[in-house]
Amino acid sequence: METQLDPMKDDLPLMANTSYMLVKHYVLDLDVDFKSKVIEGSIVLFFETGSQYRKTSSAGKECCQSQFDETCKMRASEPCHTPMINVSTCSSKMEYNDFAVSGKEEEAASDENSNHSNNEQASGISSSKDCCDIEDHGNKDFLLVLDCCDLSVLKVEEVDVAAVSGIEKFTRSAKLTGVSKLENLRNQIVHELVTLPADRWKEQLYYFTHCSQAPGCGELLFSTGTWSLEIRKSGIQTPADFPHAIRIWYKTKPEGRSVTWTTDQSGRPCVYTMGSPINNRALFPCQEPPIALSTWQASVRAAAGFVVLMSGENSAEPVQLREGILNWYYYVSMPMPASTFTIAVGCWQEVKQQSFKQKAAIGTNTEFSLPSSQTDLRWHEEICGHMEYPCRFQNPAARLQAVIPYRVFAPRCLLESCEEYLLQLVPQCLSAAYATLGTHPFSRLDVLIVPSNFSSLGMASPHIIFLSQSVLPGGSHLCGTRLCHEIAHAWFGLAIGARDWTEEWISEGFATFLEDLFWARAQQQLSHDEIKGQQELKALLRWRRLRDEVQNSEEELQVLRPKKESTGEVSESGASVVKYGLKAEKIFMQVHYLKGYFLLRSLARKIGEVSYLASLRKFVVKFHGQLVLSQDFLSMLLEDIPKQKQSGLTVESIFQNWLDTSGIPKLLPDQLVLLLEFLLEEKTLCPRILQCLERTYQLREQDAEVRHRWCELVIKHKYEPGYGDIERFLREDQAMGVYLYGELMVNEDAKQQELARKCFAAAQEHMDASSAKVVAEMLF
């Protein structure tokens, strides 16, 4: 029986038993009804047997493959296969032209499947006590567990993929010899389908479509809990024998927490995924753990007048199914976590380019002449480390594409505002990102201005970015920096994901750091000094926000790696939790952004910006399409720059100082100087804060620049326990101490003036004559 967690304060459970069954592909077939505020339809899931379970058939032949089977991974001697796609144009209408599901096929699918949605009688399991224990396959039914919340599940059935015309081509493999059971035949067909090589992705998508439309061949027992959907088939005791293609008929609830039903700024109804803490489990049953990397395709029907935007490689064109109803079809061929799926349905309008100036700017920014070091690294990398899929990093045309096709959408009332800045910023920011990191991981981009109830300034998903209307007024700065931040997530957060969601800093810290680099390149009119000044000012503002957050939040929420040594670990079934994932206040915290940013900034300063960026690009090339932990990046960085190891910088020290502890981490001297200079601007600091500051950063043991600022703070706030530090500084650091004599006198505090005269009397005999004269004039 699943644990009942308090959704207001506990960890977020990831219930799916991915170690036993792993989703490889989803096919969604949905209707959006704004009157009832419900999304209804079906989802077909195609599975592979997971990594924790392997079975030997009665014939003695292994018939279940691990998720990590070599058939699913890149062969070391072969590059990944990539379909050749024409990317020589910047047209926002470009899409793959060799594969599409025709309008007639979609209409037929809709008519054929519509009968099922009328069946309100749901098969179910009467009690959780009847469910099998997944740890014991001896004499109980295997239980498939999916992440699910706030959904009305109507029916679950096995899909008869063997009934699809032409599917027999997948039954000719030698692996299938001797298979007698139809159930095993269906599972073997699914196995052959999900493991097709990347150069057959269009064929694979074609058969996924037709298999998803195949008839059902038996209902499955199911039960819904607070956080999960549990499915079993009577008499089936192992994951290998469990149906590998199942269809779930369901509908969302108006109060479901994965999507929000609202009106846009023009007063028209809309619905969109807003980045809920529970992710997409209230939109469709799925496997939420990051390891469940899957592809998907979706057909979504809505009333004419509505536009459906979604995470998809293609720029969908609507097909009319019947009067007043349009169908929109999207697909992705790059495996990603189901949590990254995004949809927005509303009366959006595309912002069009109106001026010749904008068109010219886009044309001139399409291609870049890259430094030879970047060229060599990116152009000659032949092997990808991810599971096989049509990878843009292996597509020569994609590697030269500085600006991917893009579109901008907004409610009617905001079209003019979007045209003023946003539309021209998109190609500039995309070009800047390409110049910094290289190949864009995704083939196109939609940017949508979402309704005013959106709780963030932006959110990135595959092929689509949501932006708040708040970024539009007041010039290009906020709009440009936020756009750069979300574009950075294409590399860090999407193409490279965290294996453990508690390590949010891998996504947000990198995006915050790269935001500055992208924006600097996008502002081509600024000088080097202007850019550096802008970045230092930004760092100062971020430091202030981080300091305030650390002072006003729970310590446990300030840790970037809260699970420490257990980070990345899951239970035998694959289930796990996102620590503090449901803490309401955590949603609005920026510690993962800011603390992660300062970690990366400090590493860049230690290593040098040129070497550091080269390592970032190498990391992208090596780990795109994969899930990582903090140590993957840090280990590679230190291996690339061995002199840092010699200086004592290690992965373990970074964990200890930055990732595994609360509060503000230990800083570099120049960062401490920046902090202390900022504190000097504060009118009042109480003695307790000054005491804490000195102890936290051991200011008495720092270099002279840091200690000088510390003495200034002591003087300004008349912190008497620090007067000894002033006396020591004036005695031992005479080259820098002259200014402090003036500060001690100008405060007109008797004790400080006495201290100044005492120190001068002790040091005068040994002071430089010029310095002694200047100080004497201050004191007497």
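**Sheets, a helix pair and selected local features**

In this predicted model, strand S4 and strand S8 (residues 228–232) are paired in the antiparallel sense, with four bridges between them. Within this pairing, Leu 146 is placed opposite Leu 229 of S8. S8 is also paired with S7, again in the antiparallel sense and over four bridges. Here Phe 222 has Ile 231 in S8 as its bridge partner. S7 and S8 make up a hairpin, and three residues lie between the two strands.

Together these strands give an open sheet of three strands, ordered S4-S8-S7, with antiparallel pairing. The loop between S4 and strand S5 (151–159) contains Asp 150. Although Asp 150 is not a glycine, its phi is positive, at about 60°.

A second open sheet consists of five strands in the order S17-S18-S19-S21-S20, and its pairing is mixed. Strand S17 (349–350) and strand S20 (458–461) are the edge strands, each pairing on one side only. Within the sheet, strand S19 (residues 445–449) and strand S21 (residues 464–467) are paired in the parallel sense over four bridges. Asp 446 has Ile 464 in S21 as its bridge partner.

Two helices were found packed on this five-stranded sheet. Helix H7 (residues 415–437) touches S17, strand S18 (406–410), S19 and S21. The direction of H7 makes about 155° with that of S18. Helix H8 (residues 477–488) touches S19, S20 and S21, and the direction of H8 makes about 145° with that of S21.

A contact between helices was examined for helix H12 (residues 609–623) and helix H13 (residues 630–640), whose axes come within 10 Å and cross at roughly 130°. H12 and H13 are therefore oblique to each other. Their crossing is right-handed. On the H12 side, the contact is made by Tyr 612, Ser 615, Leu 616, Lys 618, Phe 619, Lys 622 and Phe 623. These residues meet Asp 632, Phe 633, Met 636, Leu 637 and Asp 640 of H13. By type, the residues of the contact comprise seven nonpolar, one polar and four charged.

A search for aromatic pairs across the whole structure returned 27. One of them is formed by Phe 284 and Phe 341; the pair is edge-to-face, with 5.3 Å centre to centre and 80° between the planes. Phe 284 is located in the loop between strand S11 (269–273) and strand S12 (294–303). Phe 341 is located in the loop between strand S15 (325–336) and strand S16 (343–346). The two residues are 57 residues apart, and the pair links distant parts of the chain.

Backbone angles were also considered. Most residues other than glycine have a negative phi. Besides Asp 150, with its positive phi, Tyr 580 has a positive value, with phi near 60°. Tyr 580 occurs in the loop between strand S23 (576–578) and helix H11 (591–607).

Key:
Residues numbered from 1 in each chain as written. Predicted model: local features only at pLDDT ≥ 70, side-chain atom pairs only at ≥ 80, totals over all residues. Heavy atoms only, no water. Pairing = 2+ DSSP bridges. Contact = heavy atoms within 4.5 Å. Axes fitted to C-alpha atoms, helices over the stretch in contact; angles between N-to-C directions. Parallel < 35°, antiparallel > 145°, perpendicular 65-115°, else oblique. Left-handed = near helix turned anticlockwise from the far one by under 90°. Nonpolar A, V, L, I, M, F, W, Y, C, P; charged D, E, K, R; others polar. Phe/Tyr/Trp six-rings, centres within 6.5 Å; stacked < 30°, edge-to-face > 60°.
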